[in-house]
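The structure is shown first, and the notes follow by topic.

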Amino acid sequence: MEPEHYFPSPSLLSSRWWTKETVAVVTGGNKGIGFALVKRFAKLGVSVVLTARNKQRGEAAVETLREEGVGDYVHFLLLDVSDPLSVSSFASSFKAKFGPTLDILVNNAGVSYNELEKNSVENAESVMKTNFYGPKLLIQALLPLFRCSSSITRVLNVSSRLGSLNKVRNAEIRAVLEREELMEEEIEGVVGMFLRDVREGRWKKEGWPSYWTEYAVSKVALNAYSRVLAKRYSYEGSGLSVNCFCPGFTQTSMTKGKGTHTPEAAAACAATLALLPPHLLPTGKFFSLGRAATFLNATSKL
């Protein structure tokens, strides 16, 4: 899955298909892009579940949104995507509170322990649990709770250009991930191979991405899994769209406040992707917020 050379225009949202009954989940919603996206959804009139792994921070974020006048649209549920028990508990809590009414899932929660110019793999296991296995487990847990509707249910995985296959220098690994009939087990096999190379101290010479390696590999895996899911559910005619979104170099805690644009700018683009009209909604695509992207309007074919 490589970045598209275009980006849907915000003008496409003039065709409003959603109501207050539309339900979105945004993971890692207490700060950064996640918080900005929760706020954006709420202002647009979407009911949104803000998740955070820390109860106090999550509740504080919801209180801030109440003070800004959009609290009626925002709900909080505890979720640590790196913990399978927390994922299972979240799915149960969502079902009890909302039933099978989920329309939009944005897998935004993610971690990187590297400074911008550093490249350690000391936290590779933790990064994989949060950035790859977490979204994968959450999607699987929530699949029975997606709403069956003509508006098409949507999964948007927040990813990175660092997860592009051209960052993988090992030709054999790249060939596996490029296979048309790629399977989940093969993706997990690649992740397992990387973690084994890390444990055995040979990751530098095995052709893995050279910058922010553990983070990049987690996003390579997430992109590959997104492609597999998109293909699977397009064949089954389930009305499920799965896409990836790279927010670009955004001013967040992960970048220590450095970047070319604000979380609000990134969130506006994420909201556009998540709320595209059903007849314009693609699947299996990777959209990247960057200078090279061309914005397409409603008269252009996605």
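This is a predicted model: local features need pLDDT of at least 70, side-chain atom pairs count only at pLDDT 80 or more; totals for chains, interfaces and linings use all residues.

The axes of helix H5 (residues 171-178) and H6 cross at roughly 155° and come within 10 Å. Because angles over 145 degrees count as roughly antiparallel, H5 is roughly antiparallel to H6.

**H5 with H6**

- H5 passes H6 in a left-handed crossing.
- From H5, the contact is made by Ile173, Val176 and Leu177, and from H6 by Glu186, Val190 and Met193.
- By residue class, the contact of H5 with H6 has five nonpolar residues, no polar ones and one charged.

**H4 with H6**

- The axes of H4 and H6 come within 11 Å, with a crossing angle of roughly 165°.
- H4 and H6 are therefore roughly antiparallel to each other, and their crossing is left-handed.
- On the H4 side the residues are Ala124, Glu125, Met128, Phe132, Tyr133, Lys136 and Gln140, and these meet Glu184, Ile187, Glu188, Val191, Phe194, Leu195, Val198 and Arg199 in H6.
- This contact of H4 with H6 divides into nine nonpolar residues, one polar and five charged.

**H1 with H8**

- H1 and H8 pack with their axes 8 Å apart, at an angle of about 55°.
- H1 and H8 are therefore oblique to each other.
- The crossing in which H1 passes H8 is right-handed.
- H1 contributes Gly32, Ile33, Ala36, Leu37, Arg40 and Phe41, which meet Pro263, Glu264, Ala266, Ala267, Ala268, Ala270, Ala271 and Ala274 in H8.
- The residues of the contact of H1 with H8 comprise 11 nonpolar, one polar and two charged.

**Helix H8**

- Helix H8 (residues 263-274) has 12 residues, which at 1.5 Å a residue should span 16 Å; its end C-alpha atoms are 16 Å apart, which agrees.
- H8 is mostly covered, with nine of its 12 residues buried.
- The buried residues in H8 are Pro263, Ala266, Ala267, Cys269, Ala270, Ala271, Thr272, Leu273 and Ala274.
- Strand E1 (6-8), helix H1 (32-43), strand E5 (102-107), strand E6 (153-158), strand E7 (240-246) and strand E8 (286-288) are the elements against which the buried residues of H8 pack.

**Helix H1**

- The 12 residues of H1 should span 16 Å at 1.5 Å a residue, and the end C-alpha atoms of H1 are 17 Å apart, which agrees.
- Buried residues in H1 are Ile33, Gly34, Phe35, Ala36, Leu37, Val38, Phe41 and Ala42.
- The buried residues of H1 pack against E2, strand E3 (47-52), helix H2 (55-67), strand E4 (74-78), E5 and H8.

**Thr22**

- The loop between E1 and strand E2 (23-26) holds Thr22.
- Thr22 has 6% relative accessibility and so counts as buried, the cut-off being under 20%.
- Residues up to four places away in sequence aside, Thr22 touches Trp17, Val46, Ser47, Asp103, Ile104 and Arg147.

- Met254 sits in the loop between E7 and H8.
- With a relative accessible area of 22%, Met254 is partly exposed.
- Met254 and Val111 are 143 residues apart in sequence, yet their C-alpha atoms are 7.4 Å apart in space.
- Apart from neighbours within four places in sequence, Met254 is in contact with Gly110, Val111, Ser112, Trp212 and Tyr215.
- Trp212 is placed in the loop between helix H6 (184-199) and helix H7 (213-235).
- Trp212 counts as buried, at 5% relative accessibility.
- The phi of Trp212 is positive, about 45°, although Trp212 is not a glycine.

**Ile152**

- Ile152 has a phi near 70°, a positive value in a residue other than glycine.

Methods:
Residues are numbered from 1 along each chain as its sequence is written. Side-chain values use heavy atoms; hydrogens and water are left out. Helices (H or I, at least four residues) and strands (E, at least two) are DSSP runs, numbered from the N terminus. The expected span of a helix is 1.5 Å times one less than its number of residues. Buried means under 20% relative accessible area, exposed over 50%, partly exposed in between (1.4 Å probe, protein chains only). Contact means heavy atoms within 4.5 Å. Axes are lines fitted to C-alpha atoms, for helices over the stretch in contact, and angles run from 0 to 180 degrees between N-to-C directions. Angles under 35 degrees count as roughly parallel, over 145 as roughly antiparallel, 65 to 115 as roughly perpendicular and the rest as oblique. A crossing is left-handed if the near helix is turned anticlockwise from the far one by less than a right angle, and right-handed if clockwise. Ala, Val, Leu, Ile, Met, Phe, Trp, Tyr, Cys and Pro count as nonpolar, Asp, Glu, Lys and Arg as charged, and the others, Gly among them, as polar.
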